[in-house]
Amino acid sequence: MNLVRSELLKITTTATWWVFGLIYLPLWAVTLLVNYVQTSVLSDPERFGPTTPENDEVLSAVSEAPALAANLYTNGQFFGLLVVMLLGVIVVTNEYFHQTATTTFLTSPRRTEVVLAKLAAASLLGFVFWLITTVVNLIAGALVLATFDIGPEFGSGAVWEAVGLNGLAYLLWAIFGVGFGVLIRSQLGATVSAILLYLGGYLGTAIILATLASRFGDWISDLQWLVPSIASQLMVAGTDLPDSPPRWTGALILIAYALLTGIIGTVITRRRDIS
């Protein structure tokens, strides 16, 4: 616990936390505006006119009140997960950037314990980040729903399941960030690699799989759920969408990645202990 408190002090006593907050705030506001427009459009599906049966099925699912509410109550997830992951990266790489790693490891020679403390601290930061954004989203989302004469859906289990899975996603992406920091100790290298994996994985997968699906069949498109950033979005859907796996599938995929990252990070840390 002393090590965890130490790691939290390293973050909370510097400008890191509020700098990330200032970066995230306008991104959250822009996302809320986009979701407001999306809610406005989906709240009246008849404006779309005649569509195919497949599109009707999807449109009906995403237009349900629980789906609209879940989307608003998890507003800002895409950028929020990126911020939390970068916080996890900085929890580790700050030690090497500011050349305090030697002092830390002299104070606590067992590197595995230090890394576990960093994991706990990053997870706690991710939880706090999710909690604050969720409280704000619940207030803002209820106001947006009321604008379109839709109830807040606070009694819907599907909505709270999406909110809870969103919290799990924040915790897991904080762990991914620590894993990046352990594998790539350079702050710049770890940060750039993490951003490229998150954004590049999301955008690149859509382009590559669309190209492959046109040649080999639509089954190729199902592979997109194996991409962490896309699996995270599956978790916060307010309802199971047609032709998509259940929401808990996204959670299992992220947990598998987190376990893999944790095992690799632990093995590398122990080898460094021995050397």
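The following conversation walks through a predicted model of one protein chain.

Biologist: What should I know about the model before I start?

Modeller: The model is predicted, so local features need pLDDT of at least 70 and side-chain atom pairs count only at pLDDT 80 or more, while totals for chains, interfaces and linings use all residues. Residues are numbered from 1 along each chain as its sequence is written, and side-chain values use heavy atoms, with hydrogens and water left out.

Biologist: How many helices and strands are there in the chain?

Modeller: The chain has 11 helices and zero strands. Helices (H or I, at least four residues) and strands (E, at least two) are DSSP runs, numbered from the N terminus.

Biologist: And how many of the residues count as buried?

Modeller: Of the 275 residues of the chain, 45% are buried. Buried means under 20% relative accessible area, exposed over 50%, and partly exposed in between, with a 1.4 Å probe and protein chains only.

Biologist: What share of the contacts comes from residues 24 or more positions apart?

Modeller: Such pairs make up 79% of the contacts in the chain with a separation of 6 or more. Contact means heavy atoms within 4.5 Å.

Biologist: Let us look at helix packing. At what angle do H2 and H4 pack?

Modeller: Helix H2 (residues 16–42) and helix H4 (residues 65–73) pack at about 175°, and their axes are 10 Å apart. H2 is therefore roughly antiparallel to H4. Axes are lines fitted to C-alpha atoms, for helices over the stretch in contact, and angles run from 0 to 180 degrees between N-to-C directions. Angles under 35 degrees count as roughly parallel, over 145 as roughly antiparallel, 65 to 115 as roughly perpendicular and the rest as oblique.

Biologist: Which residues meet there?

Modeller: From H2 they are Leu32, Asn35, Gln38, Thr39 and Leu42, and from H4 they are Leu68, Asn71 and Leu72. The contact of H2 with H4 has four nonpolar, four polar and no charged residues. In this scheme Ala, Val, Leu, Ile, Met, Phe, Trp, Tyr, Cys and Pro are nonpolar, Asp, Glu, Lys and Arg are charged, and the others, Gly among them, are polar.

Biologist: Is Asn35 buried or exposed?

Modeller: Asn35 counts as buried, because its relative accessibility is 7%. The side chains of Asn35 and Asn71 are joined by a polar contact of 3.1 Å. A polar contact is a pair of N or O atoms within 3.5 Å; within protein, one must be able to donate a hydrogen and the other to accept it, and residues adjacent in sequence count only if both atoms are side-chain atoms. Leaving aside neighbours within four places in sequence, Asn35 is in contact with Asn71, Leu72 and Asn75.

Biologist: What about H10, then: how many of its residues are buried?

Modeller: Seven of the eight residues of helix H10 (residues 228–235) are buried, so H10 is largely enclosed by the rest of the structure. The buried ones are Pro228, Ser229, Ile230, Ala231, Ser232, Leu234 and Met235.

Biologist: How do the axes of H8 and H10 cross?

Modeller: The axes of helix H8 (residues 157–183) and H10 cross at roughly 155° and come within 8 Å. These two helices are therefore roughly antiparallel to each other. Ala162, Leu165, Leu168, Ala169 and Trp173 of H8 make the contact with Pro228, Ser229, Ser232 and Met235 of H10. By class, the contact of H8 with H10 has seven nonpolar, two polar and no charged residues.

Biologist: On another topic, where does Lys118 lie?

Modeller: Lys118 lies in helix H7 (residues 111–147) and counts as buried, because its relative accessibility is 4%. A polar atom of the Lys118 side chain lies 3.1 Å from the backbone oxygen of Val91. Not counting residues up to four places away in sequence, Lys118 touches Glu7, Lys10, Val91, Val92, Glu95 and Val178.
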